[in-house]
Amino acid sequence: MKIGITTYWRGTSNYGQIVQHWALQRTLVKMGHQPYLIRFYPGFNHGLLKRWLKEYKVVDYARAFLSLMKGNSKLLKREMHDRKRAFSKFRKENLYVSKRKYYRLADLQHCPPYADAYITGSDQIWSQLLSNRENEVYYLNFGLQDSLRIAYAPSFSMNEYPEDLLPNLCNNLCRFNSISCREYSGVDICHKAGFSRAKKVLDPTFLGGKEGYMELIKQAGNKYVKDYVFIYSLNISDPKEIHWDELKKICKDKQVVVTPSNGYFAGDELFGNEVEYSYGTIQEWLANIYYSSLVVTPSFHGVTLAIILEKAFVYTPLKGAYANGNNRILDLLTDLDLVDRMLSDGKRYAEVISQPIDWSHVEERLEVLRNESLDFLKNSLVK
């Protein structure tokens with residue numbers, strides 16, 4: 001089948017966003033299908049000139065220059081760091097994409113990309129509320145009527161959907177042939193909205209196992225000679241949020257490598273000069289995880305890749321306004337009997353790290369869930 005996919009894909013620093021889509025495409029290709037990313041540029045509905053300015057980052061470059069002139073080089077530094085990550089190069093070399101670019105829901109409805117099936121997912125695409133009609137792109141409100149419509153592992157990133165928008169959600173879910181989410185709360189929301197057949201599945205990063213990631217890691221090699229701890233710093237604004245003072249004592253004889261990334265807000269160099277900052281490519285980010293002795297992160301995909309690559313890890317849950325984003329990780333850790341890897345209140349790093357991970361048990365659990373998720377995808381793609 002020819003399969004068009006809508007998801008988040010335009011990030012310049014969020015590694016998980018790119019890897020999850022690469023993994024889904026790779027899985028579909030191995031099944032014998034022809035997947036491609038539908039290049040949707042949300043927010044580009046203000047005329048051709050503004051579209052051009054945004055698409056070619058003219059506004060970003062102008063802001064960076066003005067910031068530099070004002071003595072504030074932070075924006076320029078972020079731009080330089082993102083160039084090192086080279087996400088555009090990875091997308092060009094490793095992803096299939098639509099020839100046409102789409103800027104509005106109306107563009108997709110008037111001239112939809114051809115596909116035998118459309119898939120929406122993964123990532124937090126359903127956290128975009130339906131009070132904005134443009135977000136119906138992620139509910140596949142376009143395309144040929146007889147094309148299959150499948151939701152694979154999208155995340156709502158909330159425990160309850162706003163009551164006043166539930167009828168709208170129900171109307172949008174009705175056009176799907178099959179629906180899955182990557183957390184149980186998302187499945188519950190779908191059930192409440194009337195789609196009782198919604199299922200919980202694994203994130204696409206798990207579908208192909210370790211093999212594909214090792215191919216990418218070999219392209220990067222190991223940059224660090226000494227034993228090191230890797231911190232994937234996403235959605236934290238203060239080192240205290242991951243108990244940095246305590247972690248430092250654990251790492252006193254080891255190098256610490258940190259990759260800051262943008263998520264809910266921009267990522268910064270929070271750990272001073274005591275660490276080495278890495279703004280690597282996708283391949284180098286994976287290598288940083290694989291060759292480390294310990295991974296510390298609040299990131300969902302940071303955790304998933306540590307598990308896939310069988311690396312010791314500590315999950316540091318988010319606090320406050322973004323705590324709802326913990327659900328998908330807690331569900332995963334519960335399913336794999338890895339909840340003891342979470343740095344919960346009153347639990348110290350030494351306690352978490354001292355407990356070895358039984359990777360054979362994890363793989364047994366993972367294999368069952370992987371087969372169930374692959375079966376869901378295969379069965380959903382049968383007309």
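How many bridges join strand 1 to strand 4, and do these strands run parallel or antiparallel? In this model, which is predicted, four bridges join strand 1 to strand 4, and the two strands run parallel. One place to look for this pairing is Gly-4, which stands opposite Tyr-118 in strand 4.

Strands of a sheet pair through backbone hydrogen bonds, either parallel or antiparallel. In this structure seven strands form an open sheet in the order 3-2-1-4-5-6-7, and the pairing is parallel. At the edges of this sheet lie strand 3, residues 97-102, and strand 7, residues 199-200, each of which pairs on one side only. Strand 4 is joined by four bridges to strand 5, residues 148-151, and these two strands run parallel; Leu-148 in strand 5 is the bridge partner of Ala-117. Further along, strand 6, which spans residues 178-181, pairs with strand 7 in the parallel sense over two bridges, and Cys-181 stands opposite Lys-200 in strand 7.

Helix 1, residues 15-30, lies across strand 1 (2-6), strand 2 (34-40) and strand 4 (117-120), and runs at about 150° to strand 2. Gln-25 is found in helix 1, and it counts as buried because its relative accessibility is 2%, where the cut-off for buried is under 20%. Leaving aside residues up to four places away in sequence, Gln-25 touches Ile-5, Pro-35, Tyr-36, Leu-37, Leu-95 and Tyr-96. With one of these, Tyr-36, the separation is 11 residues in sequence and 7.3 Å in space, taken from C-alpha to C-alpha.

Which residues of helix 5 are buried? In this helix, made of residues 87-94, they are Phe-87, Phe-90 and Arg-91. These three cover an arc of only 100° around the axis, and therefore they lie on the same side of helix 5. An α-helix has 3.6 residues a turn, so residues three or four places apart point the same way. On the other side of helix 5, Ser-88, Lys-89, Lys-92 and Glu-93 are exposed, whereas the buried residues have a cover that includes helix 1, helix 4 (74-85), helix 9 and helix 11.

Two of these covering helices also pack against each other. Two packed helices are described by the angle between their axes and the distance between the axes. For helix 9, residues 211-220, and helix 11, residues 282-290, the angle is about 100° and the axes are 8 Å apart, so the two helices are roughly perpendicular to each other. On the side of helix 9 the contact is made by Tyr-213, Met-214, Leu-216, Ile-217, Gln-219 and Ala-220, and on the side of helix 11 by Gln-283, Glu-284, Leu-286, Ala-287 and Tyr-290. Sorted by class, this contact has eight nonpolar, two polar and one charged residues.

Another pair of strands deserves a look. Strand 8 and strand 9, residues 255-261, pair in the parallel sense over seven bridges, with Phe-230 opposite Val-257 in strand 9. Seven of the seven residues of strand 8, residues 228-234, are buried, so this strand is largely enclosed by the rest of the structure. Both of its faces are covered, with Tyr-228, Phe-230, Tyr-232 and Leu-234 on one side and Val-229, Ile-231 and Ser-233 on the other.

The walk ends with two loop residues. Asn-235, in the loop between strand 8 and helix 10 (244-250), has a positive phi of about 65° although it is not a glycine, and it is buried, with a relative accessible area of 11%. Glu-310, in the loop between helix 12 (300-308) and strand 12 (313-315), likewise is not a glycine and has a positive phi, here of about 55°, but at 36% relative accessibility Glu-310 counts as partly exposed.

Methods:
Residues numbered from 1 in each chain as written. Predicted model: local features only at pLDDT ≥ 70, side-chain atom pairs only at ≥ 80, totals over all residues. Heavy atoms only, no water. Axes fitted to C-alpha atoms, helices over the stretch in contact; angles between N-to-C directions. Parallel < 35°, antiparallel > 145°, perpendicular 65-115°, else oblique. Contact = heavy atoms within 4.5 Å. Nonpolar A, V, L, I, M, F, W, Y, C, P; charged D, E, K, R; others polar. Pairing = 2+ DSSP bridges. Buried < 20%, exposed > 50% of the residue type's maximum accessible area, 1.4 Å probe, protein only. Arc of directions from axis to C-beta.
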